[in-house]
Amino acid sequence: MRTAPRSCIIFLALAAAGIPAAAQSLEYRAGLDGTAVAGRLTPFLWRGDAEQPGGSVELTLPDREGAPAAIIEAPYLAGPWIPFTLPHPAVTELTVRLRAGDFILSETPLAGRIDAWAGHAALAVGLDAASRSALARALEPLEGILAVDLAAEALPSSPLALDGVSVLAIRETDSPLSTSRLRSVAAWLASGGTLACLEAGAGGTADSLAPGAASAAAASPGGWTALPVGFGRLVAVAAGGTDGPDAGSPDTWRAWLRLEPYERRRSLDPWPELSPGLAGRPPWTALARIDGGSLLVLSAWAVSVLAALGLAPRKRFLLVLAPVAAVSLALAALGASGTGPARPEANVRARLMVLPAGAGAWLSLVGTPADIPARMGLDWLALERGWRIDLAPSTAATGTLRFSSSAGRPPRLSLGAGSVDLTVRRADSTGIELAAWLPDGSLETLDLPAFRDGETGSPPLPEEGAGTRLAWLAPGSGQAWSEWNAGSRSWERLGSAPAWLGDDLAWMIRSHASTPDLGFLAGLAGGLPGIAAGGLLLGSTAWVMPWGDRDRGGAR
C-alpha cells in the first residue's frame, strides 16, 4: 500500500484545521560566519519567505547527552531575519522548527554545521582584506585571532550576541552605527571588550562612547589614542594617522589592542560555568518548599497509611507500617509551609552584575522545577502540572518560561515580539539559567547604592543611606571578605563570606574568578520589577558591582 508523502499529510491536516499551508524556503546565519566561540553565547539568525499567520520559530537545545534540555520559541515573521542568541555547545546540535499551532511545518537539524573556536574572535566592520589579515595575526606566534568580516547593518543589536567577541574594529567613515547597535557596543565595551575605531571623526562612534576621543587621537603622536570605557579599551585612530599602510601590520594591531592570550581574557563573566540548580543543594533539603499539589498527594498517602494501621488485624503489622506512617507524616508536615504556590525564592533566583559607565546590567535568572518529588525521582507521587515565570524586566527582554512536571518535557522559553535581550544560557536536569541584558533605566526602582573610591588599598565607600547588607570581596584569589557596618560607617573584615549571601555565594565567587584583579561589591535589593514566579513577584535580587582599575588595558 502506498503511503502519502509527509508533505501531503501535513497539507491535508492543516487544511482540515483551517491553517493555510505555504511552501517554506528557510535560511539561517549561525555564529560568527558559521563559527561559535567555545562556551560563549553566539548570534543565530533565521528567516522564512512565506507568510504563516500565527506561526512560531522553535529552537530545541540539547544537553550533553543529546536529550532536549530547553526550548526557545518566538513569533514567526516572513521576510526579516529573526535574531536569537544561543549558547555553545548547544548551538552546534540545534534543531529548528517552524510551527503552526500543534503542527510542525518544517524541521531543520543543524548538527555538524557550526564550527567551534577556542580563542579570541574579532569582528571587522569596513576593514579591507589586508587590515583583517593583520588583525588576525596580532597575537602570533602565541595564537591566532578569528577575524570575521561583517557589514555594519549585520552587527548584533543586542550585547548578548557579542558575548564571544573580544575585539570589534570599525572604520567609522564607512560604517555608522544605529542607536540600538551603539547601545549594544557600549554594554559590551563596559564589560571588558576592546573597540578600535579607525578614521575616527567628530561625532562618530568613538566620540559617542568617549566624548573627545577623536580630537585626542588627532593630537596624539602617531595619530591614535586609547581610553578606558568601563572595563574595556577604546582605541581611536585619527584619519591620516597610522591607519593606512600600517593597519596592514600585525605590530600595529598588537600595540593598539594589547590583548592578553585568550586563557587570560579580562571580560566580566556574569554566567560562570555553574549548574543551573540553586547552589546544588540535595533535593531533600527543599522539602520545606514543596508546592501545594504534591503536598496534597503526600497528605493523602499519610492518611491512607494511618487507615491501614487502624484496620490492621494483627499488631505485628504495626512494626512494619509504623515507620512508613512516620515518614509519611514527616513529609506532609515539612511541606505544610508550601500550601498553595511555592514561595518564588524557593525555585527562582535573580542575580545582577551592574556595569559601570551607566551601561546597564547583566541578569542571570536561575529556575528549578517546582515539584520536589519529581526531582527526588518520586514522579509517581506528583500530579502533572505546569509552573511559569513571567518576564518583562525591560521592553527588549520579555517572555514566559514554563516548566512541566512531566518527564521528557523540557522548560520552554516563549519570547515576546522584539525580545532580543533575553535567552537561555544553559539548561540541564537540575534547572535552567536565563541570560539577559537590562538597560540602566530599568534598574532605577531597585535603588542600588552609589559608591565612591576609598583610600588606597581600601574598599569603596557607599553613599549615605546605602543600608547595612553590603559586602566586599577583595581583589585576588584569597576570597577576603568585608561587611559594611552602617553604624560606624566602616568596613569590618570577616573570616568568611556573610551568611546572608546564601545560595548566591557560589555564583558571586565564580563570577569574581573570571576577573580576579577586580573587587566585587555585593548586596541584596528588592525584587526586580517585571519578574513574577507562579504569579508572585520575587522578594529579593542579589547583585554584584565590579570595582577596580578601569585602565587595565593601558590607556595611551
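This is a predicted model: local features need pLDDT of at least 70, side-chain atom pairs count only at pLDDT 80 or more; totals for chains, interfaces and linings use all residues.

Student: In what order do the 6 strands of the open sheet stand?

Tutor: Strands of a sheet pair through backbone hydrogen bonds, either parallel or antiparallel. Helices (H or I, at least four residues) and strands (E, at least two) are DSSP runs, numbered from the N terminus; two strands pair if DSSP finds at least two bridges between them. Here the order is 11-10-12-13-15-14, with mixed pairing. Strand 11 and strand 14 (224-229) are the edge strands, each pairing on one side only. From one strand to the next, the twist averages 15°; axes are lines fitted to C-alpha atoms, for helices over the stretch in contact, and angles run from 0 to 180 degrees between N-to-C directions.

Student: In which sense do strand 10 and strand 11 pair?

Tutor: Strand 10 (residues 121-125) and strand 11 pair in the parallel sense, over 5 bridges. In strand 11, L150 is the bridge partner of V125. Between strand 10 and strand 11 the chain passes through helix 2 (residues 129-136), and this β-α-β crossover is right-handed. The term right-handed applies if, with the strands pointing away from the viewer, the path from the first strand over the helix to the second runs clockwise. By contrast, strand 14 and strand 15 (residues 232-238) pair in the antiparallel sense over 6 bridges, and W224 stands opposite V237 in strand 15.

Student: Which residues of strand 11 lie on the covered face, and which on the uncovered one?

Tutor: In a regular strand the side chains alternate between the two faces of the sheet. In strand 11 (residues 146-150), L146, V148 and L150 form the covered face, whereas A147 and D149 form the uncovered one.

Student: What is the order of the open sheet of 9 strands?

Tutor: The order is 21-22-17-16-31-28-25-26-27, and the pairing is mixed. Its edge strands, each pairing on one side only, are strand 21 and strand 27 (490-494). The twist in this sheet averages 25° from one strand to the next. Strand 21 and strand 22 pair in the antiparallel sense over 6 bridges, with R426 opposite E433 in strand 22.

Student: Let us turn to the backbone. Where is P89 found?

Tutor: P89 is in the loop between strand 6 (82-87) and strand 7 (95-100). A cis peptide bond joins H88 and P89, with omega about 10°. The peptide bond from E140 to P141 is also cis, with omega near 10°, and P141 lies in the loop between helix 2 and strand 11.

Student: Is D447 buried or exposed?

Tutor: D447 is exposed, with a relative accessible area of 65%. Buried means under 20% relative accessible area, exposed over 50%, and partly exposed in between (1.4 Å probe, protein chains only). D447 has a positive phi of about 55° although it is not a glycine, and D447 is placed in the loop between strand 22 (431-438) and strand 23 (451-452).

Student: How much space lies in the second largest pocket?

Tutor: About 530 Å³ of space lies in the second largest pocket. On a 1 Å grid over the protein atoms alone, a cavity is a set of points where a 1.4 Å probe fits but cannot get out, and a pocket is an open set with protein on both sides within 12 Å along at least five of seven lines; lining residues have an atom within 4 Å of a point. Grid points are joined across faces, edges and corners, and a volume is the space filled by probe spheres set on the points. Of the 30 residues lining this pocket, P43, L45, A154, L155 and P156 are the closest to its centre.

Student: How many cavities of 30 Å³ or more does the structure hold?

Tutor: The structure holds 4 such cavities. The largest cavity has about 120 Å³ of space. Its lining has 15 residues, of which D163, W188, S191, L268 and W362 lie nearest its centre.

Definitions and conventions. Residues are numbered from 1 along each chain as its sequence is written. Side-chain values use heavy atoms; hydrogens and water are left out.
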